[in-house]
Amino acid sequence: MPVKNSTPKETYLKDYKPAPYTVDSIFLTFDLDPENTTATSQLSLRRSQKEQDGHPLFLNGEDIELFSIKNNGTVLPKGTYKIEKEGLTIFEPPEVLNLEIKTGLKPSKNTRLSGLYETGGILCTQNEAEGFRRITFFPDRPDVMTKFTTKIIASKDKYPILLSNGNLIEESDLPNGKHYAVWEDPFLKPCYLYALVAGNLGLIKSTFKTQSNRTIELRIYCDKGSEDKCQHAMNSLKKAMRWDEEKFGREYDLDLFMIVAVSAFNFGAMENKGLNIFNSNAILVDPETATDDNFMRVEKVVAHEYFHNWTGNRITLRDWFQLTLKEGLTVYRDQEFTADMHYRGIARIEDVFYLRKNQFPEDAGPTSHPIKPASYIQIDNFYTTTIYYKGAEVVRMIESLLGKEDFKKGMEKYFLDYDGKAITTEDFVKSFDKIGAADLKAFSKWYTQAGTPEISLRFDYDDNEEEFILEIDQIASSSSKEKEPFLFPLAVGFIDISGKPLRAKIANAREVGTTYILTVSKKRERFAFKNIPKTAVPSLNRGFSAPIKITAPYEKEDLLHIMEYDEDSFTRWDASQELYKRILFEMVKDLKDGRKPLPDLELYEAFNSILTEENLESGYKACLLTLPTESEMADAQEIIDFEANHIARELLKESLGLWFFEPMLKMYKALARKKEYVIDTESMGLRKLKSTLLGYLMASRKPDAIRLCYEQFRTANNMTDQFSALTLLQNSFCPERKEVLDSFYNQWKGNGLVLCKWFMAQSQSTLKDTQGLVESLLNHPAYDDKIPNNVRALLGTFIQNLPQFHHKSGSGYRLIADQILKIDKFNPHVSSGLVQGFKLYSKVDPLRKAMMQKEMERIISDDNLSPNVYELVSKCLNSAPKS
Ligand code: TRP
Ligand code: ZN
C-alpha cells in the first residue's frame, strides 16, 4: 500500500489542557454576500493559565482569508504572528488582547456545509463540531464560552430576514438597498452553538406560556410556500417544552425560540442557542408528502434539539471526547418523550430494534469505539450510533440501577451543580451519588470499553431449597480486547405454567412489581430466587435493561410461553425475535447443507396466535409479526453469508405469506376499508399493521397480492400508504413495478424531499437489476449530490441493502468507492458517511474481502483524501489480516 506522506494527526483525550486564554466577549459584524462576505470580529481575550506566560497564542482558522488583524486598534506588525493551514499564531501575546479580525468568506463556494454556506438562496451556518473556525479566527473549542453579539448587514431585497442567537436589539435600513439587524445572546456559550441565518423565508408563529407564566414567542422559518408543512413541528415543539417542564423541571430561558428549515444540511438538525437549524426533512410534513415515520421523526428531532437547550447548551462539553454527555443524554430524553407521547412499550421496541440493527454491528466492526473515545482524527466521524444510542442506553442503565425517584433527584442535582459549565461525563455520573463509589468505578467501564458485552446464562434448580438459580457468565464483548466485566442492571421475572407472574424472594435486588432488577458486576455470578417452582419460565432483560447480547438455555416452548404470557411487552417481542432468528438460522444451515428448508410447525402456531389475538394493539402486533433484519442476522455470524441470509429470510416470509394468505387478506381488507386518514398513535399503528400484512401477501408472490398493492398505490390518500405500496412493488418483477415508479415521479417531480423517497424505493429493491438502476439514477436530473439528503437516499440506502451492495461480483464496492472519492472532493462529511458500507470488512468471506480491500486501497491512496475518509478507511483496512 502506498504510504501517504502526511498522515492526518490524531487528538488524544489524555492530552486535554484547559484553554490558555478565555474570551470575555465577541462582537461579530457580517457584511453578507454569497460570493464575498466580510466577517469582522472584535474579541477580548484574557490569559487564564499562569503557566502560559510567554507561550504563543493560537487561534483556529480554516479556509478563510485574513484581511486584517489589529490589537487595541493597531495593525499587528509583520513577524509578530503567522498564518498556517490550521490557524493563526500570535507570538509573545500580552495578558489581555483586544483584537479586531477581518476575514473574507465565500458562502456560495462552501460545499462542505460547515461554517457559513448558501443553500436554496438562504445563507446559514453550521458550526458543530468545528465550523466556527471557517468563519473567523477563534479558540474553537467547547470549553471557551463567551457572550456573542452579532450585527448582520445584507441586501434587504434578497435577505429580508436576518437572524442570529438571542434577542433582536436593533434593526434599520441602510443606503443602497441594504439593511441590518443586531442580535445579542445574553447566555454564555461555546462557538459551536453560534448561528446566523439570512434569507427570504416563509414563517409560522405561535406562543408558549411557561410554567412560571412567561410568554415565549415561537417561530418556524422555511421556504416560501412550505409554511403549511410546519404545523406539526410547531405542535411538537410545544409538547416538548411542556414535557421538559413536567418531567425535568426545565423551563425555556430566552423570550424567543426559532427554527429554520434548510434543504442542504449534513445532519438531521442543530441545537444552536435560540436558533435551531434543521434539515428540511426533519421539519416539513403533511399527509400527502410525508409518511407516519416522517411525522414521528419530526416530533422526535424537534424535541431532541429543544432538549439540548439544557443538556448541551446550558450545560456543555469540556471537550469533544465528552460528546455523549450531551448526545447520549439528549437521546435518552427524546426517547422518554416519545414513549410518553405514544405507546411506551412500542417505543422501547423500536429503540432496541434500531440499536441492534445499527449500533451492534458498528460495535462489532473495525470502527468500534467506546461512548467516550480516547482519540480521534476527525471528531465529525464520532457522531455515531454508539455515541448517540449506546450512550442513551448507558443513561437508561443508571436510571434502572437507581430507580426512577433517585434518578430524578440525580438529574436535579446535575442541573443545579453544572449550569453554565463545560464539563465531563465523570461529572455527570457523579451527580448520581446514590450509586456507591465501588459500583461507580465498575460502571465507568461503559464509557471506556468498546464492544457489546456477551452474557451466557444457565438455569439451575435447587430442589431442597426450592430455589431457581440463575448463573451469569460475562464471556466476552464483541470487539474489545480488554475483558473487564461490566456492571449492569438485569431485570428478571418469572412466569408460571399457566402464564401468571410469580413473586420471588431474593436479596439484593430492586423490586418493581414482579420484576427483580439485579446488579451484575462479576465475570461469573449466581443469583438464587426463592418461591419459584421448577416449572417456571424466567423472563430476562425485561425492558432491555442492559444493551447486551444474551445466550440463554431456552427451548422453543419457553420462547412461545414468554411470547404468549409475559407481562413485559418488550420481552414478549424479544422472544418472538429470538424464535424467528433460530428458525432463520436453521434454514440457513439447511441451505448450506443442500437441504430444502422445511416450514416449522411451532412457528406457524405462534404466528397464528399473534394474528388472531384480539387484544393486541395494532402497532404492537406489527412489531411481533416483523422478522429480524438481515443486518441482525449478519451480526450473529462470524463470517457473514449474505446470500443464504437473504434467501432464508425471503423464503420464510414467502411461506408465512402463503400459509396465512387467506386470514391475512381478510385482515388487510378490513384495515384497507378504513379510508379516513387520521394522524394519531392508534391510526399509525393500524397503517403499520396494514403494510406489514401487505408485505407478507406480496411475499407470497400471488398475482392477487400484486393487484392489491397496485390498488393501494393508486387509491392512497396519504404518503404512508402510497410509499409502502411503491416500495413493495419494487421487489417484484411485474409491469406494475415500473408503472408506479413513473407515476410517482410524475406526481412529485419538483418536490425534492418526496423524490428522495423515489430514490430510496429503488435502491432498497431486492431485485437483481438494483445496482444498475442506482448507477443510472446518479445521472438523473433530480439527483444532486450537493444535497446530502439525495446521497443518503440513493447511496446510503444502497449500502444498507446487504445482498446488493455485497454482491459477489464486487461491483457494489466499486460503485461506492467511486462515489466516496467523487463526493470527498466537496463534502467529506457525506463521503465518510458512505464508508459505513465497508464496516463489515472483518466479517466477509475471503473473496469479498479481497475485493473490498482493493477498493479501500484505491480510496486511501488518493492524494487529496480528506482526513475524515482516511480515518475510517484506515481503521477498516487495519481491522483484518490482509487476504
Ligand atoms: N448536535 C446535532 C444533534 O443534535 C448534531 C449535528 C448537527 C452535527 N449538525 C452536524 C454533527 C454537523 C456533525 C456535523 O444531533
Ligand atoms: Zn443531539
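## The second largest pocket

Lining the second largest pocket are 32 residues, of which Lys549, Ile550, Thr551, Glu578 and Lys581 lie nearest its centre. This is a predicted model, in which local features need pLDDT of at least 70, side-chain atom pairs count only at pLDDT 80 or more, and totals for chains, interfaces and linings use all residues. Residues are numbered from 1 along each chain as its sequence is written, chains are lettered from A and ligands numbered from 1 in the order in which they are written, and side-chain values use heavy atoms, with hydrogens and water left out.

The volume of the second largest pocket is about 890 Å³. On a 1 Å grid over the protein atoms alone, a pocket is an open set of points with protein on both sides within 12 Å along at least five of seven lines, a cavity is a set where a 1.4 Å probe fits but cannot get out, and lining residues have an atom within 4 Å of a point. At least two residues of the pocket lining come from each of α4 (344–364), β33 (549–551), α10 (556–565), α11 (569–592) and α14 (630–635) (DSSP runs numbered from the N terminus; helices are H or I with at least four residues, strands E with at least two). The largest share, seven residues, belongs to α11. By class, the lining of this pocket has 14 nonpolar, seven polar and eleven charged residues. Because domain 2 (318–448) and domain 3 (454–538) both give residues to its lining, the second largest pocket lies between them; the domain bounds come from an automatic or database domain assignment.

## The surroundings of ligand 1

Ligand 1 is surrounded by 14 residues, and the closest are Gln126, Glu128, Ala269, Glu271 and Tyr388 (a residue is near if one of its heavy atoms lies within 4 Å). The shell divides into five nonpolar, four polar and five charged residues, and β21 (269–270), α2 (292–307) and α3 (323–341) each supply at least two residues of it.

Three glutamate side chains approach nitrogen atoms of the ligand. For Glu128, an N or O atom of the side chain is 2.6 Å from a nitrogen atom of ligand 1. A polar side-chain atom of Glu271 also lies 2.6 Å from a nitrogen atom of ligand 1, while for Glu327 the value is 3.1 Å. Taken alone, ligand 1 exposes 370 Å², of which the protein buries 98% (Shrake-Rupley method, 1.4 Å probe).

Four cavities of 30 Å³ or more are present in the structure. The second largest cavity has a volume of about 60 Å³, and its lining consists of Thr324, Leu325, Leu329, Gly391, Val395, Thr425, Phe428 and Tyr447. Two or more of these residues come from each of α3, α5 (385–402) and α7 (425–430), with α3 giving the most, three residues. Five lining residues of this cavity are nonpolar, three are polar and none is charged.

## Backbone features

Most residues other than glycine have a negative phi, and most peptide bonds are trans. Glu128 and Ala129 are joined by a cis peptide bond with omega of about -5°. Ala129 is placed in the loop between β11 (122–126) and β12 (145–155). Glu466, a residue other than glycine, has a positive phi near 50°, and its place is in the loop between β26 (453–462) and β27 (467–477).

Key:
Grid points are joined across faces, edges and corners, and a volume is the space filled by probe spheres set on the points. Ala, Val, Leu, Ile, Met, Phe, Trp, Tyr, Cys and Pro count as nonpolar, Asp, Glu, Lys and Arg as charged, and the others, Gly among them, as polar. A polar contact is a pair of N or O atoms within 3.5 Å; within protein, one must be able to donate a hydrogen and the other to accept it, and residues adjacent in sequence count only if both atoms are side-chain atoms.
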